[in-house]
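Here's a quick tour for anyone meeting this protein for the first time. Have a look at the model, then read on.

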Amino acid sequence: MQPRNMSMSGVVDLAAVKAAQEAKAKAEQARAESARQGGGGAVSPADLVIDVDEAGFERDVLQRSAEVPVVIDFWAEWCEPCKQLSPLLERLAVEYAGRFMLAKIDVDANQMLMQQFGVQGIPAVFAVVAGQALPLFQGAAGEAQIRETLDQLVAVAEQRFGLTGLTVDPDAEPGGAQPAPAAPAGPYDALLEAAVQALDAGDFGGAVQAYRNVLSEDPANMEAKLGLAQAELLQRVQGVDPQQVRKDAAEKPADVQAQIAAADLDLVGGHVEDAFGRLIETVQRTVGDDRDAVRLRLLELFEVVGGEDPRVAAARRALARALF
């Protein structure tokens with residue numbers, strides 16, 4: 001199989017100023033928290049290559065990608081090309097000395113992750129930078145091509161997101177510099193209850209603020225993340241004229257904001273696939289800042305519906321095809 005997607009051209013969409021600022025802030029926060037807990041020191045070469053499963057994906061890949069680019073190797077024991085590619089990627093991870101981490105995912109044991117990334121065949125290699133996923137290549141590839149792609153990935157991560165990677169000490173004990181598990185945050189029952197009450201009362205601004213208060217102290221709180229996405233959606237559609245929104249969207253197919261507003265209404269009305277489809281089609285028709293605005297709104301709507309929903313998985317694959 002010939003390699004495809006051996007390009008970093010799609011990363012332009014990840015380089016929006018807003019995303020870069022958020023990524024830099026996350027990286028700084030992660031480093032500060034690690035230092036506070038006694039971590040943040042050098043890692044051993046063995047820490048640069050990890051096995052990841054569905055249970056640990058958010059911690060080991062998404063959260064870590066705020067500090068260092070994470071390259072994902074989708075493989076399986078029965079895959080012959082994987083037996084050639086995986087050792088090469090492991091060697092390069094050590095050679096690049098902390099400029100990226102390698103996460104190995106066994107597709108047989110992690111079917112959901114395979115589906116969410118839209119993997120059609122293995123070996124398949126992706127990267128996650130500041131929480132943003134992008135495909136690198138699928139199938140066999142030469143070392144020179146892989147190095148070129150990794151060099152571009154590292155450069156984009158540093159220039160656009162301020163991710164300078166990890167410090168590696170060959171004498172460090174494996175796992176010795178991993179951040180200590182954070183103490184359970186909270187409790188936030190009162191704040192979460194206040195947010196729910198605000199939603200029930202139609203005070204969407206109050207709900208948004210309550211959820212943000214939780215996330216400022218506990219950024220990984222999934223209940224607050226989901227609640228915030230829902231509250232922001234309801235706040236956006238509050239007071240709009242549905243007929244006018246749909247009329248504008250129908251008459252102005254090239255108007256990005258009109259399509260975004262209509263997609264919000266679609267989702268609130270329970271038309272999930274219509275909302276996703278509208279924005280994916282708009283991504284295909286747009287470039288630059290307009291495309292990034294649509295992509296970011298689509299990611300927000302994914303949060304509202306929830307990553308476990310099969311409609312989200314299908315839309316993620318369609319978005320990847322539209323972007324890359």
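Which residues have the most contacts inside the largest nonpolar core? They are Leu 267, Phe 276, Leu 279, Leu 298, Leu 301 and Phe 302, and the core has 28 residues.

## Ground rules

This is a predicted model, so local features need pLDDT of at least 70 and side-chain atom pairs count only at pLDDT 80 or more, while totals for chains, interfaces and linings use all residues. Residues are numbered from 1 along each chain as its sequence is written, and side-chain values use heavy atoms, with hydrogens and water left out.

## The overall picture

The protein has 13 helices and five strands. Both kinds of element are DSSP runs numbered from the N terminus: helices are H or I with at least four residues, strands are E with at least two. Of the 324 residues, 45% are buried. Buried means under 20% relative accessible area, exposed means over 50%, and partly exposed is in between, using a 1.4 Å probe and protein chains only.

Now for contacts, meaning heavy atoms within 4.5 Å. Take those between residues at least 6 apart in sequence: 73% of them join residues at least 24 apart.

## Two cores

A nonpolar core is a set of buried Ala, Val, Leu, Ile, Met, Phe, Trp, Tyr and Cys residues joined through side-chain atoms within 4.5 Å. The largest one has 28 residues. Two or more of its residues come from each of α8 (222-237), α9 (242-251), α10 (256-268), α11 (272-285), α12 (288-305) and α13 (310-323). Apart from it lies another core of 25 residues, including Leu 102, Leu 136, Phe 137 and Leu 150.

## Helix α11

With 14 residues, α11 reaches 20 Å from its first C-alpha to its last, close to the 20 Å expected at 1.5 Å a residue. (The expected span is 1.5 Å times one less than the number of residues.) Its buried residues are Val 272, Ala 275, Phe 276, Leu 279, Ile 280, Thr 282 and Val 283. Why do they sit on the same side of α11? Because they cover an arc of only 160 degrees around the axis, taking the directions from the helix axis to the C-beta atoms.

What covers these buried residues includes α10, α12 and α13. The face turned away from the buried side carries Glu 273 and Gln 284, which are exposed.

## Rings that meet

Aromatic rings of Phe, Tyr and Trp (its six-membered ring) pair if their centres lie within 6.5 Å; planes under 30 degrees apart count as stacked, over 60 as edge-to-face and the rest as tilted. That rule gives six aromatic pairs. Phe 276 and Phe 302 form an edge-to-face pair, because their centres are 5.0 Å apart and their planes are at 85 degrees. Since Phe 276 lies in α11 and Phe 302 in α12, the pair ties together parts 26 residues apart in sequence. Phe 302 counts as buried, at 1% relative accessibility, and Phe 276 is buried too.

Elsewhere, ring pairs link Phe 57, Phe 74, Phe 117 and Phe 126 into a cluster.

## Helix α5

Helix α5 (residues 143-161) should span 27 Å with its 19 residues, and its end C-alpha atoms are 26 Å apart, which agrees. Buried here are Ile 146, Thr 149, Leu 150, Leu 153, Val 154, Val 156, Ala 157 and Phe 161. These cover an arc of only 160 degrees, which puts them on the same side of α5. On the other side, Ala 144 and Gln 159 are exposed. Just after α5 comes Gly 162, with a positive phi of about 70 degrees.
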